[in-house]
Amino acid sequence: MPTPSFAGLELLDTPVLICDAAGALRFVNPACENLLALGSRELLRHGLTGLFHPSPALRQALHTALRQGASYIEHDLELRPQHNEAILHVTLSITPIDGDGLLALIELRPLDQQLKIANEERLLLQHQANRELIRNLAHEIKNPLGGIRGAAQLLEHELADRPELKEYTEVITEEALRLQTLVDRLLAPHRSHSRSQVNIHEVLERVRSIALAQHPQGLAVVRDYDTSLPLLSADKEQLIQVVLNIVNNAVQAMRGQGRIELRTRVARQITLARKRHQLALKLQIVDDGPGIPDDIRDHIFYPLVTGRAEGTGLGLTLAQAFVHQHGGSIEFDSRPGQTCFTVMLPLGADAAG
């Protein structure tokens, strides 16, 4: 539990640390835990100087703020955490505060935070527009398909004495059936779903088994689970489909040869679909494939967009729709050699809403 005088800071969206003049940490809030991907105990153990690679600018900012007794702001500071390769570009604000000795409150505002919020808003609006477009288009296609199939069956009956023409009616029937299946898949996210208490690791193990059964040679699917995660209120089959679609895309991009990592973590004080959640599930699916082509990266969640000639372009569209139905978000980061899809889903009592 935080010191009472710091209690209100844990509710802030801004990552906040409190340290003394020597850099020993006294407090970190949940937003800071999320930013640095470490728990509070681990962060407090490292101290400020142990969290980041040596940064003269950070050290000088702390010294200046405490010496002058006034806030110090660095508008574009590059920090490199010791425990991972991510580079943080932040606006740094250091403010001396009263406390047990001389303490400083450090605020780290990621420069890409506003861009991320705007992107989430754009994706939400895009999903809503896609949903209406798909629903209307699918119904417009579905109605005449029944007539086409019925007419083909009647024609086949009329041509019973000309078996050489049966091949053509079979093509009409089969293609109409294929289109019917495609339309059903387009409409699937808009149908009702049933929620239950789901262990996310059971979902991941199911997908892992399917992937390894289909590609027993050359594919490694490794686990990095936080087994302390609580149960999730969700539609289990839809979650399986979400993970399976992403994993299948990765396997196909790697041609069945490579490494996929399934990673789970807890995130705190997260805003998803314009709603604040104290706890959220952070599910990451990482592969070492060639990466997502640049020409489809900006609209990869659009329906019928695919980088493969044989693909339908519906896998990620359905995954996004299912995730949004659960009040979550899905995003990705991709470069040659590493693609990471991150799915965030609310946990706790308010997740069922």
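**Loop, strands, helices and cavities**

Student: Starting with Arg 255, is the residue buried or exposed?

Tutor: Arg 255 is exposed, because its relative accessible area is 75%, where exposed means over 50%, buried means under 20% and partly exposed lies in between, with a 1.4 Å probe and protein chains only. This is a predicted model, in which local features need pLDDT of at least 70 and side-chain atom pairs count only at pLDDT 80 or more, while totals for chains, interfaces and linings use all residues. Residues are numbered from 1 along each chain as its sequence is written, and side-chain values use heavy atoms, with hydrogens and water left out.

Student: Where does Arg 255 lie, and what is its phi?

Tutor: Arg 255 sits in the loop that runs between α8 and β9, where helices (H or I, at least four residues) and strands (E, at least two) are DSSP runs numbered from the N terminus. Although Arg 255 is not a glycine, its phi is positive, at about 55 degrees. Most residues other than glycine have a negative phi.

Student: OK, and which strands does β9 pair with?

Tutor: Strand β9 (residues 258-272) runs parallel to strand β7 (residues 219-224), with six bridges joining the two, and β9 also pairs in the antiparallel sense with strand β10 (residues 275-287) over 12 bridges. Two strands pair here if DSSP finds at least two bridges between them.

Student: Which residues are the bridge partners of Val 221 and Arg 265?

Tutor: Val 221 has Ile 260 in β9 as its bridge partner, whereas the partner of Arg 265 is Lys 282 in β10.

Student: Switching to charges, how many salt bridges does the structure hold?

Tutor: The structure holds 10 salt bridges, each being a side-chain nitrogen of Lys or Arg within 4 Å of a carboxyl oxygen of Asp or Glu. One of them joins the side chains of Arg 263 and Glu 261, at 3.2 Å from N to O; Arg 263 is partly exposed at 21% relative accessibility, while Glu 261 is buried at 12%.

Student: What is the volume of the second largest cavity, and which residues line it?

Tutor: The second largest cavity has a volume of about 40 Å³, and its lining consists of Ile 200, Val 203, Leu 239, Val 242, Val 243, Leu 283, Val 343 and Leu 345. Two or more of the lining residues come from each of α7 (200-214), α8 (236-253) and β12 (338-346), with α8 giving the most, at three residues.

Student: How many residues of helix α10 are buried?

Tutor: In helix α10 (residues 315-325), 10 of the 11 residues are buried, so the helix is largely enclosed by the rest of the structure. Among the buried residues are Leu 316, Phe 322 and His 324, and α10 is followed by Gly 327, which has a positive phi near 75 degrees.

Student: Last one, where is Glu 140 found, and is it buried or exposed?

Tutor: Glu 140 is found in helix α5 and is exposed, with a relative accessible area of 57%. The C-alpha atoms of Glu 140 and Val 183 are separated by 9.9 Å, although these residues are 43 residues apart along the chain.

Conventions: 1 Å grid on protein atoms, 1.4 Å probe; cavity = no way out; pocket = protein on both sides within 12 Å on 5 of 7 lines; lining within 4 Å. Points joined across faces, edges and corners; volume = space filled by probe spheres on them.
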